[in-house]
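I opened my notebook to record what I looked up in this structure, one entry at a time.

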Amino acid sequence: MSKFKNSCFIPSNILREIDFMLIRSGVNPSKYIKIVIKGRTLNAGIINFPMKKVICITQEWIDMLQNNPNNNLVWNAFSGTIYHELGHQKDYMPNGLLHKILITICNFFGICLRNYHSNQLQFLYWVWEAHADFYSCEHAFKGDRCMSRKTMLFKLDERKKRLKSIEDTYDHPSWMRRISYIEKFNFDEQLITKIAMDVSYPVSYVEVQNIILHYETYFD
Ligand SMILES: [Zn+2]
């Protein structure tokens, strides 16, 4: 049985909202196919195929939005989620193509490949995630950190309700860490150094500067 449902399962009000976010992110909505995937978490993702990009949204998100049509927190959390994914589209991993390929492979195979790499990769993953959170805050909430915090806490609570793990993973800092990054830091040297400490990665001054430069160059 297919994991994917047809995009017509995305109600028109939600589709409209997604298209609006795509336009505001400077991309053409028709370049994106929107599909619903199964899943009991409030997740979304974007897959880049050569010709098209595919936005996947879990059925759980669709149900949540349909059941709470007038709940601003729910809809803001949804915006935050989609903009986070769009943030990943804007940036790519520092340190060039090899790392990008490694990261892509690790995305697919996760645990199997983890032990073969140092925690540098984990560090880059976490920076990547934090950066997408800052992008999301800027674009979904005009830089309102309080709103980011509220929506992140909402998603954390929803994970707890579903008895899902709320711990750090190799490729994502925990929600609590992500909340503290967005609350206490800007996306700058201090945050990058903090993330390196959090994953016990001995980052060098030059590497921190390169990462900052990288995101400044590829992120508007
Ligand atoms: Zn992410």
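Which helices do the buried residues of α8 pack against? I found that they pack against α6, α7 (145-161) and α9 (189-198), where helices are DSSP runs of H or I with at least four residues, numbered from the N terminus. I noted that this is a predicted model, in which local features need pLDDT of at least 70, side-chain atom pairs count only at pLDDT 80 or more, and totals for chains, interfaces and linings use all residues. Residues are numbered from 1 along each chain as its sequence is written.

**Entry on α8.** I looked up its buried residues and found Arg178, Ile179, Tyr181 and Ile182; a residue is buried if 20 or more other C-beta atoms, placed from the backbone, lie within 10 Å of its own, exposed if 12 or fewer, and partly exposed in between. Seen down the axis of α8, these buried residues fall within an arc of 160°, so they line one face of the helix, the arc being that of the directions from the helix axis to the C-beta atoms. On the other side of α8, I found Glu183 and Lys184 exposed.

**Entry on the loops.** I saw that Lys142, in the loop between α6 and α7, has a positive phi of about 50° although it is not a glycine. Lys142 counts as exposed because it has 8 C-beta neighbours inside 10 Å. I then turned to Ser200, in the loop between α9 and α10 (205-218), whose phi is also positive, near 55°, in a residue other than glycine. Ser200 is exposed, with 9 other C-beta atoms within 10 Å.

How values were computed. Helices (H or I, at least four residues) and strands (E, at least two) are DSSP runs, numbered from the N terminus. Two residues are in contact if their C-beta atoms, placed from the backbone, lie within 7 Å.
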